[in-house]
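Student: Hi! Could you walk me through this one? I'm new to it.
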Amino acid sequence: MSLTRRHRFCGLLLLALSATSTAPATAQMPTQVTFMTAGDGSAFLPYGQGVAAYLATKGLQLEVRKSGGSNENLSAVDASPMTIGTAFMASAYEAVSGTGFSAGHKHENLRALFPMYETSFQVAALRKSGLHSLADLDGKKVGVGPAKGPAEGFFRAAADAAHIKPVIVNGDPAALSRLVLNGEIDALWQGAVVPIPSLVEVANQADAIVFGLSEAEVAAVLGKLPALSATTIPPGTYKGQTAEIKSFSAWNFVVANKDLPADTAYAITKAVLSAADPKSQIYPTAAGTRAANAANDRILRFHPGAMRFYREAGIALP
């Protein structure tokens, strides 16, 4: 090959390589991330599956894994850089402060990624049982979700506030709702985005009542658990509900380990919070999954990768 032809060939090769290197790349993560959610009948599981399906359309792959809920998720995320999870922020408060379920162990590796939705707690029982208040549950069999999960922990706090001693029954929310319908347990306590799926199941399949706490009981719980806030559920939220329900609530966030690669945290947060209509694009309960709701996190520091997105989006963080 002549010198002139060789120079011409090399020039064409360099142009080709330059064009290839500047082509837009599909968003990718170096290692697959595990996404901890919760069990069958929970609100976390379908939400997490919706997030994973939406991210897959953006080239980001998550492995959704069932779990016992917030407490298990927080411990798993704290221990693994490549694990993220759904978490109730009142449970996150216990995790980082070393109190409650996390007594004696502070989870120091937890960071927030993005907001999910607000969670509050209610109870469902068959109307024929005559149960219509927290005080009525004294000595009754009450399903509270997975053993040592957040729903159980907050039910115990509510029971203390009401000065009652119910019989705790553990299990996945879907299984517990069937036990209520079959009359094998007296009531089901759950916390999730309203309307709570397992309580809807009971209310829709039987003549049932959904109720919460009295004002005094709510105040007593908030006095012990500062990460919570008072809330009300409007009439008509559940089938047959004619009066508002008083309870307590806190936000849920997807959380990550501080050592999750910053580019990965940024890509996940940006993709999820860039959904124009998260309720339809991700999952019906994702209406609150918007960047502006990041300010509802008063518990965890944000992951640096997530903070990069919020800065770009002009979101002021607490």
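Student: Is Trp189 buried or exposed?
Tutor: Trp189 is buried, because its relative accessibility is 0%. Buried means under 20% relative accessible area, exposed means over 50%, and partly exposed lies in between (1.4 Å probe, protein chains only). Keep in mind that this is a predicted model: local features need pLDDT of at least 70, side-chain atom pairs count only at pLDDT 80 or more, and totals for chains, interfaces and linings use all residues. Residues are numbered from 1 along each chain as its sequence is written, and side-chain values use heavy atoms, leaving out hydrogens and water.
Student: What about Phe121, buried or exposed?
Tutor: Phe121 is buried, with a relative accessible area of 2%.
Student: How many aromatic pairs does the structure hold?
Tutor: There are 11 aromatic pairs. Rings of Phe, Tyr and Trp (its six-membered ring) pair if their centres lie within 6.5 Å; planes under 30 degrees apart count as stacked, over 60 as edge-to-face and the rest as tilted. Phe121 and Trp189 are stacked, because their ring centres are 5.3 Å apart and their planes are at 20 degrees.
Student: Which residues form a cluster through ring pairs?
Tutor: Phe88, Phe121, Phe154, Phe155, Trp189 and Phe248 are linked that way.
Student: New topic: which residues of H3 meet H4?
Tutor: Ser70, Asn71 and Leu74 in H3 meet Ser91, Ala92 and Ala95 in H4, where contact means heavy atoms within 4.5 Å.

Conventions: Helix = DSSP H or I, 4+ residues; strand = E, 2+ residues; numbered from the N terminus.
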